[in-house]
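This report looks at one protein chain, from its overall dimensions down to a single residue. The sequence and the structure are shown here.

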Amino acid sequence: FRTRPENNSLIRTADLETEIAFTTTTDNELESAHIYATVLKLENHSGDSYELWTNWEHERLVLPFEIQPGVTIPVGTYDYYSIWTHLVTSGHRTVSIDVTAKLGGFYNGSIADVKSILLWRPLKYFYITLEHRVFKIDLPQGDFEFEINRARFNVNITPTLSWTNYIQQESETHRMTLQSQVRWIITPGNELSVTLNHDWAGDGGSYKSTESDLFARLVWTHRF
């Protein structure tokens, strides 16, 4: 359901939404289900939006689920609730943000999941994206948390020549990975790309180079 408030200088749209989904086995027994309901979703005239929603989940485990080494969720039926919030600012700004947070139940425990994205676009052909995500899960079988950090650095030098970079670091394996690629569209259907991949492994608070490779790829299309 969507409404557009008349003569409102702040709010352009307000939405309400509900989604219900069920999964059954071939014997028509309930295996999983979720009910999603938007409590509040607002968007202003600049394209910024804020959303708050709740989620109920049902899941039946017929086999133990090892979610983390040494942490296994036992067989059983689980019902849990969570609340989500999402704030995003319009991408037409030089600096924009996108933040999502989830708090609530998770099987027979609890979860906190927060993802933050910062986008900086000082020029139309150049932008940087920084992303940080942290999970914290508490279960009777054990607690754990991990972080993922990502960065993107992209330059569109011309409509046919671009340079893209992607780097990721995460706390689970203590590894960091870089992919850097230059792509040149010579003519439509014909292009050349050069890609560098590099890996580092965490060691006592620092990172050491473990693997690197460089390769080129040429695509040439001949039309008869």
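The radius of gyration of the protein chain is 23 Å, whereas a compact globule of 224 residues would have one near 17 Å. This is a predicted model. Along the principal axes, the C-alpha atoms of the protein chain fill a box of roughly 55 × 55 × 50 Å. The protein chain contains 16 strands and 0 helices.

Of the 224 residues, 26% count as buried. The protein chain exposes about 14,200 Å², and 58% of that area is supplied by carbon and sulfur atoms. Among the contacts with a separation of 6 or more, 33% involve residues 24 or more positions apart.

The average pLDDT of the protein chain is 92, and 100% of the residues score at least 70.

| Element | Residues | Mean pLDDT |
|---|---|---|
| strand β1 (lowest) | residues 2–3 | 86 |
| strand β9 (highest) | residues 95–106 | 96 |

One residue can be followed in detail. Y125 lies in the loop between β10 (109–123) and β11 (126–139). Beyond its neighbours within four places in sequence, Y125 is in contact with N154, V155 and N156. T158 is 33 residues away from Y125 along the chain, and their C-alpha atoms are separated by 8.0 Å.

Terms used: Residues numbered from 1 in each chain as written. Predicted model: local features only at pLDDT ≥ 70, side-chain atom pairs only at ≥ 80, totals over all residues. Heavy atoms only, no water. Helix = DSSP H or I, 4+ residues; strand = E, 2+ residues; numbered from the N terminus. Rg over C-alpha atoms; globule rule 2.2 N^0.38 Å. Buried < 20%, exposed > 50% of the residue type's maximum accessible area, 1.4 Å probe, protein only. Contact = heavy atoms within 4.5 Å. Areas by Shrake-Rupley, 256 points an atom, 1.4 Å probe, with all protein chains shown as cover. pLDDT = per-residue confidence, 0-100.
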